[in-house]
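These are my notebook entries on a structure that is new to me. I record below what I looked up.

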Amino acid sequence: MIPSVAWRNIWRNPLRSGIIITAIAIGMFAGVFSATFMKGWMAQRLEAGVETETSHIQIHDPDFRENYDIRQFITNGYELAEQIDTNPAINGVSPRVTIQSMIASAETGTGVKIMGIIPEKEKQVTSLSEYVTEGDYFESISRNPIVIGKKLAEKLKIRLKSKVVITLQDADGHLTGGAFRVCGIFNTANSMYEASNVFVRYEDLARLGMLPEGVAHEIIVHLHDQNELEATTLELRDQHSSLEVLNWKEITPELGYLNEIGNLYTYIFVIIILLSLGFGIVNTMLMVVMERVREIGMLMAIGMGKLRVFLMLMLETILLTLTGGTIGIALGLGASLALKQNGINLSNWAQGLEDFGYSPIVYPVVEVEMVVVIILLVMLTGIFASVYPARKALKYNPAEAIRTE
C-alpha cells in the first residue's frame, strides 16, 4: 500500500517531479557515457601498449636494460626461446637482438632502437604486422629490408623503397654501418613509438653487429590468457633465476595505472554528479514536506504511525531518484552501445592524442560491474537524500500541523 501511495504522491505535481527526474536522467546519462568513454579510451591504450609495444613478458640479461650494451646478450637465446615455448600457458615466444643506434636518410638522421626480429615468430607475440599501412611486413624486399614508423618516415623524409643507413658499434667495439631499404611503414597512433623504433630481420642485424650465432638481447613472451601473467612470470623467474624476467606491468608501470586511474576518475565523476543531484533532491523533498504539513498532520492524527509516514516519504524520494536514474543509465548505455561499433571520432585532436600514444578513434566499453556500481550509487543517493526531509516531517505535532494553512 505505502509504495503505491508514494508513487501517486510523486505525480501530484508532475511539473516539479518531471524537472527533477529530467535532471537526474541527464546527470546519470553524462556519468554513464563518460564512464564507458573513459574505460574504452584507457583500455585501447593498454591493449596497444601491451599487444603492440611490450607483449606480456620480456626476458633479458640482468645488465642489458641499464645501457643497452650490445655485448650484454643471452648466449643461448634462440635455444632458450624454443624451450620456453613448450609451456602450455604461452602463446608465442620470439627472440630479438636490440641495439640503440643511429639511422640516417639522404636528408637527416636520428637515434632509434633497432630491433632484429624473426617476422614469423614476432607475429605470435605482437600485433605490429597488423599496423603496417604502407608496403608489407618483410615480404617484398629480399636484402636488408626494414620496417619503420610513419612518424620516423616523416622525420627522415623517406617513403617506401627509400634507402636508409644504420650506424652502430658492433660486439668488437668497432663502428660499422649498413644500408637498408624500407619495405613497410607502420602506423600505431603512437607518435613516440613510431619515431623511436625500427625493425629489421634478426639475421641481418646480428650479422651487422658481429654477434655470435643464436644469441638474443631479449626474449618476448605472449600468453594465451592475461590472467596467467603473474603465475607465469614467477614460474619463468624460478626456472631462469640468472636472467631478468619482467612482465609488462614492471616494464611499463604507467600502462598498469591506466585502468586504475580510469576507474577512479569514473567513480569520482559519478559521485560528484550524484552529490549535486542529491542536494537538488533534498531541496525538492523539503518543499514537498512543507507543502503537505496539514496533510501529514491529518495522517498522523487518524492513526498513521510515524514509521509509516517516514517510509512513505523515503519511498517517494527513492522512487523519484530511481526513475530518473534508470532513464539516464538506459540512455547512457544505449548511446555507448550505439557508438561501440564505429567509435567516437576525435580526429580534430589526432595530433595531440597520438603524441601521447592515444588513438583518435575511441570505442566505448560497457562493463557489467561498472553499471552495477553506478546503480548502487544511485540507490544510495536516493536513500541518503530521503532521510532528512522524512525526519523533518516526523517533528510536526499533529494538532499544530492540522491547523497549518
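I began with the crossing of H2 and H13, which is right-handed (the near helix is turned clockwise from the far one by less than a right angle). Helix H2 (residues 14-54) and helix H13 (residues 306-340) pack at an angle of about 35°, their axes being 7 Å apart. The contact of H2 with H13 holds 15 nonpolar, 9 polar and no charged residues.

I noted the basis of the entries. The model is predicted, local features need pLDDT of at least 70, side-chain atom pairs count only at pLDDT 80 or more, and totals for chains, interfaces and linings use all residues. Residues are numbered from 1 along each chain as its sequence is written, and side-chain values use heavy atoms, with hydrogens and water left out.

I then searched the whole structure for salt bridges and found 9 (a side-chain nitrogen of Lys or Arg within 4 Å of a carboxyl oxygen of Asp or Glu). Arg96 forms one with Glu218, the closest N and O atoms being 3.1 Å apart. Arg96 is in strand S2 (residues 90-104) and Glu218 in strand S9 (residues 218-223), 122 residues apart.

Are these two partners buried or exposed? Arg96 is buried at 2% relative accessibility, and Glu218 is buried at 4% (buried means under 20% relative accessible area, exposed over 50%, partly exposed in between, with a 1.4 Å probe and protein chains only).

I also looked up Arg237, which forms a salt bridge with Glu250 at 2.7 Å between the closest N and O atoms. Arg237 lies in helix H9 (residues 229-239) and Glu250 in helix H10 (residues 248-251), so the pair ties together parts 13 residues apart in sequence.

Key
Axes fitted to C-alpha atoms, helices over the stretch in contact; angles between N-to-C directions. Helix = DSSP H or I, 4+ residues; strand = E, 2+ residues; numbered from the N terminus. Nonpolar A, V, L, I, M, F, W, Y, C, P; charged D, E, K, R; others polar.
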